[in-house]
Amino acid sequence: MAKVLCVLYDDPIGGHPDSYARDGLPELSGYPGGQTLPSPKGVDFTPGHLLGSVSGELGLRRFLDERGHTLVVTSDKDSDRFERELAEADVVISQPFWPAYLTAERIARAPKLKLAVTAGIGSDHVDLDAAIEHGVTVAEVTYCNSISVAEHVVMMILSLVRNYLPAHRTVLDGGWNIADVVARSYDLEGMDVGTVAAGRIGLAVLRRLKPFDVRLHYTDRHRLPAEVEEELGLTFHPDAAAMVPHCDVVTVNAPLHPETEGLFGDELIATMKRGAYLINTARARIADRDAIVRALDSGQLAGYAGDVWYPQPAPADHPWRTMRHHGMTPHISGSSLSAQARYAAGTREILECWLDGTPIREEYLIVEGGALAGTGAHSYSTR
């Protein structure tokens, strides 16, 4: 029998909800491009309920209990207790929003570990080199929350450019000084917007921005088909350094790996237009923490927004909490109740395959058989 260690974020301060704002979720027939939705043999949860916190248990308790497996659910990912549980775990599940960092040292101390699952997208909290060395399969629920993140990106772009958050704060504070707000408010129309990476999330962002009558740019290690470039009016650039000088808004939608870590530092930011906006819902370490603060202080950046931090959760004194002209959120872009239903179902599908000894679908694989595999081979690099 397997021991499954599941690390989830804490319940709401007032306790797990007993009612919700809406009665259900819209039904989707599939993802853009034809990928099918998660297809587990069954689910033991109600779509639209809070599944990503400890009491939600990703809807896995009944499924694993009935099969005789052990499920341990915790929000504590840095204690001695976590280390003890990890030492006996066959499977570790966590979310990008509350990642259990599986470092090389931790993997070495987990001799039974055979599967690391990301309930969501992005497996950079797992040391992929160590997973390869120790024969650990790494999988994630590809596409489950890509559109959720893309919607969040568009919201953040508009919030920064239109100076929405200070305007809302004016209302909350009982004020009405219009000039204070509009002195930093612009139209998105006519701007140049570029994405670093145009995979599932980046391309979805480009498609959603097209109706705003902006000029669209992108860079990616895999160039999009010519018909897509023509349809959206895209300008391709060989790398971020070539693209960002042309853009009023840059959005980062790339995975974290050695080629992207620290990409947006002082040097690259200095080549951007003065007063450009930078949105990062990918991974915090793609940007240099202190370089972002300096660029906002100097005015080189007019705004920075994102919902990814390092480490996560971010400490109370993290400078991004208090820097100027920011639109930061805790890591929520991919954890809407809509997305949770999909990534919970996808997590169960992965577990069903692994426990039954059947293949995990290729698009969910990051590492398998001692090498990058599936989506991992397409999107990641190792040292």
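Where is the place of alanine 197 in this structure? The place of alanine 197 is in the loop between strand 6 and helix 8, and the legends below return to that loop. The model is a predicted one, in which local features need pLDDT of at least 70, side-chain atom pairs count only at pLDDT 80 or more, and totals for chains, interfaces and linings use all residues. Residues are numbered from 1 along each chain as its sequence is written, and side-chain values use heavy atoms, with hydrogens and water left out.

**View 1. Strand 6 and its two partners.**
Strand 6 covers residues 192-196. Helices (H or I, at least four residues) and strands (E, at least two) are DSSP runs, numbered from the N terminus. Five of the five residues of strand 6 are buried, so the strand is largely enclosed by the rest of the structure. Buried means under 20% relative accessible area, exposed over 50%, and partly exposed in between (1.4 Å probe, protein chains only). In a regular strand the side chains alternate between the two faces of the sheet. In strand 6 both faces are covered, with Asp192, Gly194 and Val196 on one side and Val193 and Thr195 on the other. Two strands pair if DSSP finds at least two bridges between them. Strand 6 pairs in the parallel sense with strand 7 (residues 215-219) over five bridges, and glycine 194 has histidine 217 in strand 7 as its bridge partner. Strand 6 also pairs in the parallel sense with strand 9 (residues 249-252), over four bridges; here the bridge partner of threonine 195 is threonine 251.

A right-handed β-α-β unit is made by strand 6, helix 8 (residues 200-209) and strand 7. A crossover is right-handed if, with the strands pointing away from the viewer, the path from the first strand over the helix to the second runs clockwise. Alanine 197 has a phi near 90°, a positive value in a residue other than glycine, and counts as buried at 10% relative accessibility. Glycine 199 is found in the loop between strand 6 and helix 8, and counts as partly exposed at 36% relative accessibility. Not counting residues up to four places away in sequence, glycine 199 touches Ala204 and Asp220, where contact means heavy atoms within 4.5 Å. The C-alpha atoms of glycine 199 and serine 146 are separated by 9.5 Å, although these residues are 53 residues apart along the chain.

**View 2. The nonpolar cores.**
A nonpolar core is a set of buried Ala, Val, Leu, Ile, Met, Phe, Trp, Tyr and Cys residues joined through side-chain atoms within 4.5 Å. The largest one has 90 residues, and those with the most contacts inside it include Leu58, Ile93, Val249 and Ile279. Helix 5 (residues 146-161) gives the largest share of this core, nine residues. A second, separate core has 33 residues, among them Val293, Leu296, Leu301 and Met328. Leaving aside neighbours within four places in sequence, isoleucine 279 is in contact with residues including Val153, Met156, Ile157, Leu160 and Val249.

An open sheet of seven strands has the order 2-1-3-4-5-12-13, with mixed pairing. Its edge strands, each pairing on one side only, are strand 2 (70-74) and strand 13 (371-372). Strand 5 (residues 137-140) and strand 12 (residues 365-368) run antiparallel and are joined by two bridges; valine 367 in strand 12 is the bridge partner of valine 138. Tyrosine 143 lies in the loop between strand 5 and helix 5. Tyrosine 143 has a positive phi of about 75° although it is not a glycine, and is buried, with a relative accessible area of 8%.

**View 3. Two cis peptide bonds.**
Proline 311 lies in the loop between strand 11 (301-306) and helix 13 (337-356). A cis peptide bond with omega of about -5° joins tyrosine 310 and proline 311. Proline 313 is also placed in the loop between strand 11 and helix 13, and a cis peptide bond with omega of about 0° joins glutamine 312 and proline 313.
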